[in-house]
Amino acid sequence: MTRPIRQQYEDLMRLVATQGALKADRTGTGTKSVFGHQMRFDLNEGFPLVTTKKVHVKSIIQELLWFLTGSSSNHWLTERGVTIWNEWARPDGDLGPVYGVQWRSWPTPDGGHIDQIAEVIKTLKTNPDSRRIIVSAWNVADLDKMALMPCHALFQFYVAPATEPGGKGKLSCQLYQRSADIFLGVPFNIASYALLTHMVAQQCDLDVGDFIWTGGDCHIYSNHAEQVALQLSRAPFLYPTLNIKRKPDSVFDYQFEDFEFLDYQHHPAIKAPVAI
Ligand SMILES: Nc1nc(=O)c2c([nH]1)NC[C@@H]1CN(c3ccc(C(=O)N[C@@H](CCC(=O)O)C(=O)O)cc3)CN21
Ligand SMILES: O=c1ccn([C@H]2C[C@H](O)[C@@H](COP(=O)(O)O)O2)c(=O)[nH]1
């Protein structure tokens, strides 16, 4: 199959840079913003890793593995050389009941916990036609205890049945991201959920389908304007290919070394300040 060169991400960036409304925000930085946007990535066309700048995949993989441990501590990340959450961590490294805590141990009113990821894997294996295969990080009662409220708030899986006898079903995933920092956050978020979709598909003996990204407040910070102009002057390359080197016993047993990206052709990295 010859793959097309895709630029959904750059199209969103261009749309917001040219059409976005000037809008104030919590951090006091100022943004250009568009409300409501969708991108669809066919994971069979390659792994959607932005090519118009170098994306730091190590941070993305480790952050996803951190979510899957259910940890609330930034120490897990810093011990592995990942610093992207440092600005939000409390002095003891705690981030409150953020993504991983809600994914793996959503608290129930009677004092119990729900492992939403384990439930999703079980449902995909036993009832793939279900329309209820959802993970939510948006725990309203816990929001005020979180260092930062979830940006990637809710995701749903979907299985398209096999089209030939003996074939595999195709796993798709759609994410709702309520707030999207297009320059810094979104390349991470797309790659993270695309990676999760590959991992869940491998565990459930499914092929991959689409990753659909749906954004709420899609913004470019005013202090990213020059970086955005540089990035939009570059021509995208073909997406790389993800190789998962082994099949671990469960979705919770993946290691950083299990993943490699083949043929990742990219433009140079572009530095930018993160809005706190
Ligand atoms: N304003 C803002 N944007 C975000 O994207 C964001 C937050 N806040 N707060 C929570 C997390 C942390 N995330 C971050 C934070 C920093 C980078 C960042 O600085 N990226 C650089 C360096 C990569 C690295 O060191 O690994 C980049 O060039 O992508 C990316 C995502 C995503 N989230
Ligand atoms: O995974 C993430 C996490 C955070 N962001 C961005 C989106 C916003 O720019 C900030 C969060 O600020 P709020 O005022 O809470 O919306 O972080 C992201 O893009 N991706």
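# A walk through a predicted protein chain

Of the 276 residues in the protein chain, 52% count as buried, where buried means under 20% relative accessible area, exposed means over 50%, and partly exposed lies in between, with a 1.4 Å probe and protein chains only. This is a predicted model, in which local features need pLDDT of at least 70 and side-chain atom pairs count only at pLDDT 80 or more, while totals for chains, interfaces and linings use all residues. Residues are numbered from 1 along each chain as its sequence is written, chains are lettered from A and ligands numbered from 1 in the order in which they are written, and side-chain values use heavy atoms, with hydrogens and water left out.

The secondary structure of the chain comes to seven helices and ten strands; helices (H or I, at least four residues) and strands (E, at least two) are DSSP runs, numbered from the N terminus. The radius of gyration is 19 Å, close to the 19 Å that the globule rule gives for 276 residues, so the chain is as compact as a globular protein of that length. Here the radius of gyration is taken over C-alpha atoms, and the globule rule is 2.2 Å times the number of residues to the power 0.38. Taken along the principal axes, the box that the C-alpha atoms fill is roughly 50 × 50 × 35 Å.

Contact means heavy atoms within 4.5 Å, and among contacts between residues at least 6 apart in sequence, 70% join residues at least 24 apart. The accessible surface of the chain comes to about 13,100 Å², of which 52% belongs to carbon and sulfur atoms; such areas come from the Shrake-Rupley method with a 1.4 Å probe, and for residues only the protein chains shown count as cover. The chain has 26 positive and 29 negative charges, and their mean positions are 3 Å apart. In that count Lys and Arg are positive and Asp and Glu negative, while His and the chain ends are not counted, and the place of a charge is taken as NZ of Lys, CZ of Arg, CG of Asp or CD of Glu.

At 1.5 Å a residue, the 13 residues of α2 (residues 57–69) should span 18 Å, and the end C-alpha atoms are 19 Å apart, which agrees; the expected span is 1.5 Å times one less than the number of residues. This helix is mostly covered, with ten of its 13 residues buried, including Ile 60, Leu 64, Trp 66 and Phe 67. The buried residues of α2 pack against several elements, among them α3 (75–78), α5 (116–126), β6 (152–160) and α6 (185–203).

Leu 64, which lies in helix α2, counts as buried at 1% relative accessibility. Leaving aside neighbours within four places in sequence, Leu 64 is in contact with Trp 103, Ser 192, Leu 195, Leu 196 and Met 199. Just after α2, Gly 70 takes a positive phi of about 85°, and in the loop between α2 and α3 one finds Ser 73. Not counting residues up to four places away in sequence, Ser 73 touches Trp 66 and Gly 93; Ser 73 and Val 98, 25 residues apart in sequence, are 9.4 Å apart in space, C-alpha to C-alpha.

Ala 201, in helix α6, also counts as buried, at 1% relative accessibility. Apart from neighbours within four places in sequence, Ala 201 is in contact with Leu 171, Leu 206, Asp 207 and Val 208. The C-alpha atoms of Ala 201 and Ser 172 are separated by 8.8 Å, although the two residues are 29 residues apart along the chain.

Most residues other than glycine have a negative phi. Asp 205, in the loop between α6 and β8 (207–221), has a positive phi near 55° and is partly exposed, with a relative accessible area of 47%. Asp 263, in the segment after β10, has a positive phi near 60° and counts as exposed at 66% relative accessibility.

Finally, Arg 6 is found in the segment before α1 (8–19) and is partly exposed, with a relative accessible area of 32%. Arg 6 touches Glu 45, Pro 236 and Tyr 239, not counting residues up to four places away in sequence. Arg 6 and Val 50 are 44 residues apart in sequence and 9.6 Å apart in space, C-alpha to C-alpha.
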